[in-house]
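Okay, thanks for making time, everyone.

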Amino acid sequence: MNIRKSLRSLHRDFGYLVVGITFIYTVSGIAMNHRQDWNPHYSLITEGVTVPATDQMEYSKTEISSLLAKFTNRLVYKKHFITKDATIKIFVEEGTVIYTPLEGTAELELLKKRPFWFQINRIHLAQTDRLWIWISDAMAAFLLFVAISGLFLLKGKYGIKGRGLWLTSIGIVIPLVIIFFYLN
Amino acid sequence: MKRTLGVLLSLIVLFSCTNQTKQKKDEKSTELTVLTVDELQAQGKDLVGKEVLVKGTVTHVCKEAGARCFIMGSTEDVSVRIEAGRIGSFTQEQMGSDILVRGTLQEVQLDESDLAEMEKSAAAGESANKDHALGHDGPALHSVDGGNHDSINQAKKLEDMNQKLAESKEAYVPVYYIDGLELVKAKVD
């Protein structure tokens, strides 16, 4: 079996192997590229309730729990404290409530994990245990092999000595232009 | 196919062997005294560059990737930033929980020119938060992340910092933060 044939079969098999991880990195990458327009990890849920205004600032856990029960979202109390702005900041599971006794308002913000997106973004950012880092390193090596071996699969005018050279060069020049002209 | 499987098998064996050489778990955390955020801020000058073990309530987690969080002490004004570092990342679920973190205390020294630059940026409506000295950058992401409830007042903090600078003998205001090494306990009872 000659080198080109071996290269071709390894390129094919490793190519199949990295489809899953390529999907995760590309889809999650696009999602995170636009994080100024949306939060790719969490979705925001807001809700406000009104209660009679009061100048009372000290509250027990029971009193705070009674206030939390007024929201339609089911809230699990964690902790609360008084802020300098004369508000009560209440931490609940997955969010916070700001209660302003003087105004009689309480506003809730919940950050709910976006199913699928949260998980693939964590994988993309390697916010996992060491095992995944080893796996993704290996997959990255395979992906690099697939990219480099792909350069030498075709002979002739469509290969690396013809059109392939130009297209590959363009693909290399684009990030270099960004680096030299925008990131220096 | 056999060739591919052969290569894969070799790599799996290689990675397994490498993985077995991982370092023993760091047990330094048991040797350190647990500090509150208030104690850390009070003793900051003597602890710069040293490992510390600090506990506090998480009041903010960086919403982009959990790269840092802020923990508070007795009041919201007494807080310290923790860079995730070797911890990896923090999560929104930790908001409001008491955590215990081991890390290295670092110091940023803000002098007159730094504060002047921050005031200039603030006046221009730009980010005036050099090295997160004024707390987190949450307001910049309010439109997509919420955070309108943050009681943090950066203008007031900048004013306080100028006051501290005026009283400082060293001609700078120290801002402490921690380079995270280990999340000892995700929740402290």
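So, what covers the buried residues of helix 2 of chain B? The cover includes strand 1 (34-36), strand 2 (51-61), strand 3 (68-72), strand 4 (79-83), strand 5 (98-110) and strand 6 (173-185) of chain B. Before I go on, the housekeeping: this is a predicted model, where local features need pLDDT of at least 70, side-chain atom pairs count only at pLDDT 80 or more, and totals for chains, interfaces and linings use all residues. Residues are numbered from 1 along each chain as its sequence is written, chains are lettered from A and ligands numbered from 1 in the order in which they are written, and side-chain values use heavy atoms, with hydrogens and water left out.

"Buried" means under 20% relative accessible area, "exposed" means over 50%, and "partly exposed" is in between, with a 1.4 Å probe and protein chains only.

Back to helix 2 of chain B, residues 37-47. Its buried residues are B:V37, B:L40, B:G44 and B:L47. On the face turned away from the buried side you get the exposed residues B:A42, B:K45 and B:D46. And just after the helix, B:G49 takes a positive phi of about 85 degrees.

Now the core. A nonpolar core means a set of buried Ala, Val, Leu, Ile, Met, Phe, Trp, Tyr and Cys residues joined through side-chain atoms within 4.5 Å. The largest one has 24 residues, and those with the most contacts inside it are B:L40, B:C69, B:I71, B:F90 and B:I178. Helix 2 and strands 2, 3, 4, 5 and 6 of chain B each supply at least two residues of this core. Which strand gives the most? Strand 2 of chain B does, with four residues.

Take B:C69 as one example. Contact means heavy atoms within 4.5 Å. Leaving aside neighbours within four places in sequence, B:C69 is in contact with B:V58, B:H60, B:V61, B:V80, B:R81, B:I82, B:F90 and B:I99. There's also a second, separate core of 16 residues, which includes A:V49, A:V51, A:V92 and A:V97.

A quick look at the two chains overall. Chain B has five helices and six strands, and buried residues make up 43% of its 189 residues. In chain B, residues 24 or more positions apart account for 65% of the contacts with a separation of 6 or more.

Chain A has six helices and five strands, running α-α-β-α-β-β-β-β-α-α-α from the N terminus on. Of its 184 residues, 35% count as buried. A compact globule of 184 residues would have a radius of gyration near 16 Å, but chain A has 27 Å. That radius is taken over C-alpha atoms, and the globule rule is 2.2 Å times the number of residues to the power 0.38. Along its principal axes, the C-alpha trace of chain A spans about 85 × 35 × 25 Å.

Then there's the UniProt record. Its unreviewed entry puts "transmembrane region" on residues 14-32, 131-153 and 165-183 of chain A. UniProt positions are given in the numbering used here, feature names are shortened, and annotations may be inferred rather than shown by experiment. In the model, residues 14-32 of chain A are 95% helix and 0% strand, with the end C-alpha atoms 27 Å apart. Residues 165-183 of chain A are 95% helix and 0% strand, with the end C-alpha atoms 26 Å apart.

Most residues other than glycine have a negative phi. A:E94 has a positive phi of about 75 degrees although it is not a glycine. A:E94 is in the loop between strand 3 and strand 4 (95-100) of chain A, and is partly exposed, at a relative accessible area of 30%. B:A171 has a positive phi too, near 65 degrees, and lies in the loop between helix 5 (154-167) and strand 6 of chain B. B:A171 is partly exposed, with a relative accessible area of 48%.
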